[in-house]
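Colleague: Could we go through this model together, starting with confidence and then turning to the contacts?

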Amino acid sequence: MVAWAKQGHEAAFRELVRRYERPLFSLLYRMVRDRALAEDLAQETFIKVLNGIGSYNPQFKFSSWIFKIANNAAIDHLRKRDLDTLSLDGSPHATTPEEMHATALQLGDRGESPLAELEARELGGAIEQAIARLRPEYRACILLRHVEGFSYEEIAATLELPLGTVKTYIHRARNELRGYLGDRRE
Amino acid sequence: MTDLRLQHLTPDETELWAQGLLPAARELHLASCGECRVVGDRERKLFRELAQLPRFAPEFGFVERIMARVRIPTPSGSHLGPDPDS
């Protein structure tokens, strides 16, 4: 499909978007927890990938390449907006309970618009909230592993992290998730 | 020689078990170790919850919005489609 797109077949471009739109949008949505923003980032990712398809190196998996660009877009955005310090628990840099409260993400913060209601419905479940509490790096690893079914090696290539780091992130993320979900069940 | 039946599962082995991929030799340990069984069951439950996460769809018209901003290469090296900088 990529080779076909490289030859300039519009149908191949469309097929690539159709194939990846849900996986990519879902990852971005869970990373930034904002539908409109996730869609903007997904759109920018596709435009960057498709306009740069000529430079794609087939030695790497296309999925790794496209997810790498999407994840970088999400992380860049989170850093710019300081959203990486926002979690349901508040900033990891907060040193007092007041600071933690001030930086904590509230699901209802974005008002009662239909979009906010949709987001609350889609991302309001216990497992989604537990994922939201993970650091962005852990979140990306756990989503690529368990939602997209990437191998550890593919995640390392996608996120440009050493394999050992990926394994550590995933083990820690799972421990945290079990802890958060355990809190809920007790 | 270490008896594999006595060794607790490593995190990697627990993951393999949760995926149904643990070698039979290590299953023997699990059958007799309540501690590893509890850890494995918790892992398997988490895996199941994560695997059931839905994929979300962007708003209608997503493909068209992208295609309107994509330059399609031609064999001569030029591009068809809008100039993204214009």
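Colleague: What pLDDT does chain B average?

Modeller: This is a predicted model, where local features need pLDDT of at least 70, side-chain atom pairs count only at pLDDT 80 or more, and totals for chains, interfaces and linings use all residues. Residues are numbered from 1 along each chain as its sequence is written, with chains lettered from A and ligands numbered from 1 in the order in which they are written. pLDDT is the predictor's confidence in each residue, from 0 to 100. In chain B, 84% of the residues score at least 70, and the average is 82.

Colleague: Which element of chain B has the highest mean pLDDT?

Modeller: Elements here are DSSP runs numbered from the N terminus: helices (H or I, at least four residues) and strands (E, at least two). The lowest mean in chain B, 56, belongs to strand 2 (residues 79-80), while the highest, 93, belongs to helix 4 of chain B.

Colleague: Which element of chain B gives the most to the side that touches chain A?

Modeller: Contact means C-beta atoms, placed from the backbone, within 7 Å. By that rule, 26 residues of chain B are in contact with 30 residues of chain A. Helix 3 (34-51), helix 4 (62-67) and strand 1 (72-73) of chain B each give two or more residues to that side. The most, six residues, come from helix 3 of chain B.

Colleague: And how far apart are the end C-alpha atoms of helix 3 of chain A?

Modeller: The expected span is 1.5 Å times one less than the number of residues. Helix 3 (residues 35-51) of chain A has 17 residues, so it should span 24 Å; this agrees with the distance between its end C-alpha atoms, 24 Å.

Note on methods: Contact = placed C-beta atoms within 7 Å.
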